[in-house]
Amino acid sequence: MSLLIYNIRKIVQTEQNPVDFRRGEEMSILDCVDNGYIWIIEGRIHEFGTFSPEILNKIRNLAPDIDELDAEDGMVFPSWVDSHTHMVYAGSREAEFVDRIKGLSYQDIAARGGGILNSAQLLRDTPEEQLFQDAFQRLNEIVRSGTGAVEIKSGYGLSLDSELKMLRVIRRLKEVSPIEIKATFLGAHAVPKEFSGNKSGYIDYLIEELMPKIEEEGLADFCDVFCEQNYFTKEESIRILEAGKRNGMQPKLHAEQLSHSGGIEAGVQCAAISVDHLEFATDNDLQLLRKSDTIPVLLPGAQLFLGLQNPPARKMIQAGLPVALSSDFNPGSCPSGNMNQMVSLACILYKMTPEEAINAATINSAAAIGLSATHGSIAVGKKANLFITPPVPSYSFLPYYFGQNLVRTIVLNGMIHSFDKISE
Ligand code: NIG
Ligand code: FE
């Protein structure tokens, strides 16, 4: 299987010497090739560069059966990587959205049993097959908007059976998905009503009953905790994440989203692969992150949707951190998995430049789920997951033209993606 893409106005985010991520000032580097071609063999990028008639002859001679794709003067981007979603869920929460419009806060809604516990009740009542079909539909939507790798969390089950149900849905999605999926166990998303007033009992239950089962079935790559007031403290987060490590799961954290709760300190102490949200991160937190390998992930969709303050994105870049962007696709705080919108929002809300935002949503978000060796840029040997835009005047046109889907053609694993193929 060999594919030649030619007539490309610009190949964006190319790498001659691939890096794991870009930090600080390096986030302004966005290498491109004008008038480009990409030669793909067996799903991997074999060669790319400036197009010429000689190149075309060479490739046609070497690969006489090659399929050819005319990019029609569009730009090629590496697929977005979405390192943080909760896209397996049941039902929807627009009634809470309306309550927040009328003045209630996310915390008010949670305090009366809504929020995550609302989704948990809905999920427990929904059969596995239905959950799978709904999530599969959402997976199709994000693929259509240019995502080429995604992380999906559990965390709406909050019991052995329902957490395993969610993780099995994610495993099934992995089996049928054309894009790479990483699974995260988020049992510590909230304390379920059966353990009300007994948080330490719930943590014991997660560690003793759920984790061994999850490891036995190989259901999760990462373990995550919602480190937040009224959810899990810094100390509890460390305990859960260390137990997760012993059960083969790498740590991640929801940190400093609604208040400063010590999630970054916990993440750095546990060598988390990422800490996510960070609206309430302090200068000291940024210094801690600078000395670590933990990736800070910003989720502007959730921040905007909940009306939260901006995270210190510019300070993070100035501190030399490898800032990543993701969607947080979930029914409560961000009912969108559209990474184009997240890139636009980062430019608009955080004043990230298009170069910084594109790095954040590709190579840095790939690093936040351990995929930067294979995803997040156009580089020889990487997976041929990319999208082609219509003819646009510059790469900055993508975040500028916010709210529009400029993803015209999608190539995944070196094949032109057809949506019939992934519907079961
Ligand atoms: O990332 N912060 C915690 N978890 C989700 C929201 C989950 C929900 O409200 O259902 C988030 O924002
Ligand atoms: Fe989240």
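What follows is a walk through the domains, metal site, cores, cysteines and a few individual residues of this predicted model.

The model is a prediction, so local features are reported only at pLDDT of at least 70 and side-chain atom pairs only at pLDDT 80 or more, while totals for chains, interfaces and linings use all residues. Residues are numbered from 1 along each chain as its sequence is written, chains are lettered from A and ligands numbered from 1 in the order in which they are written, and side-chain values use heavy atoms, with hydrogens and water left out.

Start with the overall layout. The chain is assigned to domain 1 (2-79 + 376-422) and domain 2 (80-367), with bounds that come from an automatic or database domain assignment. Taken over C-alpha atoms, the centres of the two domains lie 30 Å apart. Domain 1 puts 36 residues into the contact and domain 2 puts in 40, where contact means heavy atoms within 4.5 Å.

Next comes the metal. The iron ion (ligand 2) is held by His84 (NE2), His86 (NE2), His254 (NE2) and Asp328 (OD), at 2.1 to 2.3 Å. Donors here are N, O and S atoms within 2.8 Å of the metal (3.2 Å for Na, K and Ca), and the site may look incomplete because water is not among the atoms. Along the sequence, the donor residues follow the spacing H-x1-H-x167-H-x73-D. His84 sits in the loop between β6 (80-82) and α2 (94-101), and Asp328 in the loop between β13 (324-325) and α13 (339-350), so this pair links distant parts of the chain, 244 residues apart; helices (H or I, at least four residues) and strands (E, at least two) are DSSP runs, numbered from the N terminus. Both ends of that pair are buried, His84 at 0% relative accessibility and Asp328 at 2%. Buried stands for under 20% relative accessible area, exposed for over 50%, and partly exposed for anything in between (1.4 Å probe, protein chains only).

On to the nonpolar cores, meaning sets of buried Ala, Val, Leu, Ile, Met, Phe, Trp, Tyr and Cys residues joined through side-chain atoms within 4.5 Å. The largest has 109 residues, and Leu173, Phe185 and Met352 touch the most other members. At least three residues of this core come from each of domain 1 and domain 2. Apart from neighbours within four places in sequence, Leu173 is in contact with Val88, Phe132, Ala135, Phe136, Leu139, Ile152 and Ile181. There is also a second, separate core of 17 residues, with Leu3, Ile8, Ile40 and Leu69 among them.

What about disulfides, that is, cysteine sulfur pairs within 2.5 Å? The whole structure has zero of them. Cys32 is partly exposed, at 28% relative accessible area. Cys223 is in no disulfide either, with the nearest cysteine sulfur, that of Cys270, 9.5 Å away; Cys223 is buried at 0%.

Two buried polar residues are worth a look. Gln13, in the loop between β1 (2-12) and β2 (32-41), has a relative accessible area of 0%. Its side chain makes polar contacts with the side chains of Arg22 (3.4 Å) and Thr362 (2.9 Å). A polar contact is a pair of N or O atoms within 3.5 Å; within protein, one must be able to donate a hydrogen and the other to accept it, and residues adjacent in sequence count only if both atoms are side-chain atoms. Beyond four places in sequence, the contacts of Gln13 include Cys32, Pro78, Ile358 and Gly376. Lys382, in the loop between α15 (363-367) and β14 (386-388), is buried at 2%. The side chain of Lys382 has a polar contact of 2.8 Å with that of Ser377, and Lys382 also touches residues including Glu15, Arg44 and His375.

Finally, some backbone notes. Glu256 has a positive phi, near 50°, despite not being glycine; Glu256 is in the loop between β10 (250-255) and α9 (263-269) and is buried at 0%. His277 has a positive phi too, of about 95°, and this residue belongs to strand β11 (residues 274-277), buried at 1%.

Terms used:
Disulfide = S-S within 2.5 Å.
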